Amino acid sequence: MPPPAKYVQMTTAPVGRLVCRLAVPTVVIMLTSALYNMADTFFVSSLGTEATAALGVAFPFMAIIQAVGFFFGNGAGNYLARALGAQRGSDAAKMASTSFFTAFVFGLGLAALGLIFLTPLARLLGATPALLSGTVEYLRYILLAAPFMICAFMLNNCLRFQGNAFWSMIGMVSGAALNVALDPLFIFGFNWGLSGAALATMLSQIISFLILLFLSNGVKTNVPVSPRNFAPGLGLYRELWRGGLPSLLRQSLLCLSTIMINHAAGAFGDAVIAGISIVMRIIQTLSAAIIGIGQGLQPVCGFNYGAGLYERVRQAQRFCVKLTLAILSALSLICLLWAPWIVALFRTGDPEVVAVGAWALRLQALSLPLAGQTIIDNLFLQTIGRSTAASWIALSRQGLFLLPFLIIFARFFGVIGIQLCVPAADLCAFILAVSLSAKAFREAPFIRSR
């Protein structure tokens, strides 16, 4: 029996062209995910500095939901790519269904706990007394959508790991377009304020989930999700854990570091929280494009690693490192030159917010070109099963380096110290990522493939 057309394409097409073809929809997907948050930030900024700051405080919880979704999606997806590369379709189907139903149950539990402890949760995220009611107002709707958001991220990742990123793009872009349309209607048209922004996000995420579920089961080339294939067991959950842990660490620590930055910035006023939170969303949007390129790399690595074509894996990783360096260098220059104008797009009329944000954006732009190698190496090592190395990279930027730098720099240098801690962490994470990826290439099976 001849191998499926998808297998032939993934293991024989020119690597650079293949990565680019897969990366275009994944870049769109990642930018779409960022657009959910950027759209809320843009429209909510018209409600004032306190509303903008409250949204920034609530943002880490969105990162928690994304972390859980990425854990299940990447955990299942990494296994799916290797299983499909080894032509084990039934194993792939069991993993997809088991991950999906487990993710939905976990999401229900997270939503229930969050709603029970809603006010303490808002305080934990860094809400000051002035921001508490707005943060609670926004979080309530996000919690109601949590199970659907987690499963949407899970399905999105599973589709792209199969090399079918176009379908995941359709689901994510549809939800984002709806969110952008509903935000001004709910916030200004119905005068619902922050609640309107949250409701728009909730509805758009649920629609996105329904579309992705339909595409997973309705397109023959996609691995379906079905109760018949739900097969919970230690072996599958072990693979899910190994494949998803780096993503969970990376996203969870993003959440933790954002909370810590909110707490540190809160000592200097709501304008500092607003300015720094705007910049964090801008940088995360730029990073989203690079993560999209890395996610285009992952199915190429997974299929070819599973098929034993290790030189193609090496070629794909090197191509992505060079591509991301070029893109981020150009974006870094734009941020350095036009930082005040970029920040002012999200908070016109508050010079203090713009001043704080412009400094933070310029400082983070200095280390932005280094982030490409860190992201690509993290996703590459995760996909080939080097979970420990990938986990260390995932831990490094937001945990091992950023949190200590934040504590030290904020204490001794104040606001400028908060702004400096991110580029310092980027530099250290880059050095670690280069070392661990080089070590992987020096070891089998890459040595045997030469």
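## Helix packing around α13

Let's start where α12 meets α13: Thr374, Asp377, Asn378, Leu381 and Gln382 on the α12 side touch Ser387, Ala389, Ala390, Ile393 and Ala394 on the α13 side. Sorted by class, this α12–α13 contact has five nonpolar, four polar and one charged residues. Keep in mind that this is a predicted model.

Now the geometry. Helix α12 covers residues 351-383 and helix α13 covers residues 387-413; they pack at about 150°, and their axes are 8 Å apart. Angles over 145 degrees count as roughly antiparallel, so α12 is roughly antiparallel to α13. The crossing of α12 past α13 is left-handed.

Helix α13 also packs against α9 (residues 234-266), at an angle of about 10° and again with axes 8 Å apart. That angle makes α9 roughly parallel to α13. On the α9 side, the contact includes Arg242, Leu245, Pro246 and Leu249, while α13 brings in residues including Ser387, Ala390, Ser391 and Ala394. By class, the α9–α13 contact splits into 16 nonpolar, five polar and two charged residues.

Here are the two pairs in table form:

| Helix pair | Angle | Axis separation |
|---|---|---|
| α12 and α13 | about 150° | 8 Å |
| α9 and α13 | about 10° | 8 Å |

Elsewhere, take a look at Thr201, which sits in helix α8 (residues 193-218). Is Thr201 buried or exposed? Its relative accessible area is 0%, so Thr201 is buried. Leaving out residues up to four places away in sequence, Thr201 touches Asp40, Met62, Tyr138, Ile142 and Asn179.

Methods. Residues numbered from 1 in each chain as written. Predicted model: local features only at pLDDT ≥ 70, side-chain atom pairs only at ≥ 80, totals over all residues. Heavy atoms only, no water. Axes fitted to C-alpha atoms, helices over the stretch in contact; angles between N-to-C directions. Helix = DSSP H or I, 4+ residues; strand = E, 2+ residues; numbered from the N terminus. Parallel < 35°, antiparallel > 145°, perpendicular 65-115°, else oblique. Left-handed = near helix turned anticlockwise from the far one by under 90°. Contact = heavy atoms within 4.5 Å. Nonpolar A, V, L, I, M, F, W, Y, C, P; charged D, E, K, R; others polar. Buried < 20%, exposed > 50% of the residue type's maximum accessible area, 1.4 Å probe, protein only.
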